[in-house]
Amino acid sequence: MTEPLVKPKKKNPVLRTRLATLPPVPRSRSALGLTRAAAEGVFEMQVCADCGTVQYPPREVCGSCLSEHVAWKPVDNRGELIATTTLRHSNDLYFRERLPWRVGTVKMAAGPSVVAHVHEDCAEGGTVRLTLKLDRSGQAVLHALPEKDTPNMNDAPQLRESTCDPKFRRVLVTDGKSATGMAVARAMLEAGANAVFLGDASTWKTVPAFDKLVASDPRLQVVELDVTDTDSVDRLAASIGGKVEILVNTADYLRDGGILNRKDVNLARDAMEVNVLGLMRLAQAFGPGMCFRAADGSNNAVAWVNILSIHAHAALPARGAWSASKAAALSLSQTLRAELRGAGVRVMNVFPGPVDEEWEQLTPPPKIAPSGLAKAIVKGLQDGVEDVYVGDIAEELRTRLRENHKAVERELGQ
Amino acid sequence: MSNPVLTQFMAELLSGRVKLVDLTQTLTPEFPIIQLPPEFGQAWPFRIEEISRYDERGPAWYWNNFSMSEHTGTHFDAPIHWISGKDQPDNAVDSIPVENFIASACVIDVSAECAENPDFLLTVEYVKAWEQKHGRIPERAWVLMRTDWSKRAMPREYLNMAEDGAHSPGPDAEVVPWLIQERNVHGFGTESVGTDAGQAHHLNPPYPCHYFMHGNNRYGLQCLTNLDLLPPQGAVIFAAPLKIRNGSGSPLRVLALTPTV
């Protein structure tokens, strides 16, 4: 059984902070199919359309019949753990700091035999669940997990290397006063976060629900933060930047309106200031510190979460400028992901459909409750994925964008 | 060709018998701005981004870009700011005659009343009583309302928001037309975020200071500070807004020339 994770001690300030190293990065282009699946949290392998053989490792043509029709499809992730070994030596900089490391061979029910990282609760000869996870380099690896969940299984150091579990970590929620921000804070506390910093851009405004939340748990701390003010962001980073292990950017500026029905670009500019430049200011202020602490013990800095919208992928013309700001934020997040990947800090983008909050008052249901959005964020972090789609509308639009993006464009514009 | 008055003025200034007092708040990103209901257009707060600071972005020089609304920080309200003043002649900051940027000032100290009552409204009776003590308000003088609001904690106590909106002092709906008709004042100035009281939308007309002052081509100054350093009468105010084409107002440096004895 996995030993439960112990709450990390206060850092010894005279010891050098261990810098981040990465597991091996290179993958073939075919193998990046696994990375895509891992990033989205699904278990897929190539399946030959002609002979049905499940392919592993990924390849250009079927290993059995040489057919080129090897499409990525969900496959049965169960298998038998036929052999394991525990590495006690490695010349790789990443693994030698994390030894011992258990690996093994799994004979999949779907056919292939694969080499995987093996969870400490898996018994040799037993049935295991394979899961695709992103490692610290952002590439897919196979983890063999116990057939059924075991107590504290997410605390296993090997698995924790591939996830971004909030347990015992400190979280900055950039707009803690919004409905979503408050829900995220609550969910983080429930997930065992050590501290949640709640950003407040309007200290002059009394929000009773916020005051009640803040009084409810000593792990909550209100911090002044206005993402449109570079100085405010810098000051906060100078003060708590070394403590933020998960940053959840909940700051959002949503106003209705297309492009032609307004005579100015003020609301558009306000949206860009918060949703785009705010993200960039946060990245410049908090990114370097998080990279520096990306391998700092069991509560290392692990994740950056952006709450975008499904409309980052397809504009909602009724909210033209807001959609554009979300699309721009998505683009920025991809650059941020590339820049944080070198340290192993993960960027997780969340794409909700409409959320049940005040600026969505006129949006008909179904709407996602802020608590549902927050739960999805925590689960995404615990699973270690990069993209999270929340709610039926987001899921449906995502599927339909793949099928016919022009149809989506026409329909959203009606 | 020299003018003896100007020569003497500079001599008084240099000798310290005339003192300059800065009535301006420092522009910072944190400085509160007026809060309208969120569905209305909003004024930009002061924001600043460094261009370079003796670094790779500019090795020998330091400078910044900044942005803000015309009504951010210590600022001047031109008549065109309000609908009542929209058809007045020379009603924008670029067309106001420059002579109007220098005027004497009367400072009415209501700080004790405001400490008791954040919704204090200045009345005709109060001004008349003030005149009994300090003399009649001269023609074309600024009337500045000293509330000590500038000494309040920013931003919470300064904006003083409650569930029913902001609570800060200002003039009532009768004193403003009286000041214009009976005293022909130049404009009205306050320490709080606007020239009108925090609850002035409930007065008749709403926002009487804006409505009447600008409707009569008079001016406004707000977010002033250091009014406690001025005498009730005798100070001269230099308040020249930026020359923005058709601008409705402007942040500015407000200086007071005040006798020391």
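The model is predicted: local features require pLDDT of at least 70, side-chain atom pairs count only at pLDDT 80 or more, and totals for chains, interfaces and linings use all residues. Residues are numbered from 1 along each chain as its sequence is written, while chains are lettered from A and ligands numbered from 1 in the order in which they are written.

Chain A contains 11 helices and 15 strands; helices (H or I, at least four residues) and strands (E, at least two) are DSSP runs, numbered from the N terminus. The radius of gyration of chain A, 22 Å, is close to the 22 Å given by the globule rule for 414 residues, so the chain is as compact as a globular protein of that length. This radius is taken over C-alpha atoms, and the rule is 2.2 Å times the number of residues to the power 0.38. Of the 414 residues in chain A, 44% are buried. A residue is buried if 20 or more other C-beta atoms lie within 10 Å of its own, exposed if 12 or fewer, and partly exposed in between, with C-beta atoms placed from the backbone.

Within chain A, strands E4-E5-E6-E8-E7 form a closed barrel of 5 strands with mixed pairing, where two strands pair if DSSP finds at least two bridges between them. Strand E5 (residues 101-108) and strand E6 (residues 113-118) of chain A run antiparallel and are joined by 5 bridges. In this pair, Thr105(A) has Val115(A) of E6(A) as its bridge partner.

Chain A meets chain B through 10 residues, which are in contact with 9 residues of chain B; contact requires C-beta atoms, placed from the backbone, to lie within 7 Å. Helix H6 (residues 230-240) of chain A contributes the most to this side of chain A, with 3 residues.

Most residues other than glycine have a negative phi, and most peptide bonds are trans. Cis peptide bonds, with omega about 0°, join Leu99(A) to Pro100(A) and Asn204(B) to Pro205(B). Pro100(A) lies in the loop between helix H2 (93-96) and E5 of chain A. In chain B, Asn184(B) has a positive phi near 50° and counts as partly exposed, with 14 C-beta neighbours inside 10 Å. Asn217(B) also has a positive phi, about 60°, but is buried, with 20 other C-beta atoms within 10 Å.

How values were computed:
Two residues are in contact if their C-beta atoms, placed from the backbone, lie within 7 Å.
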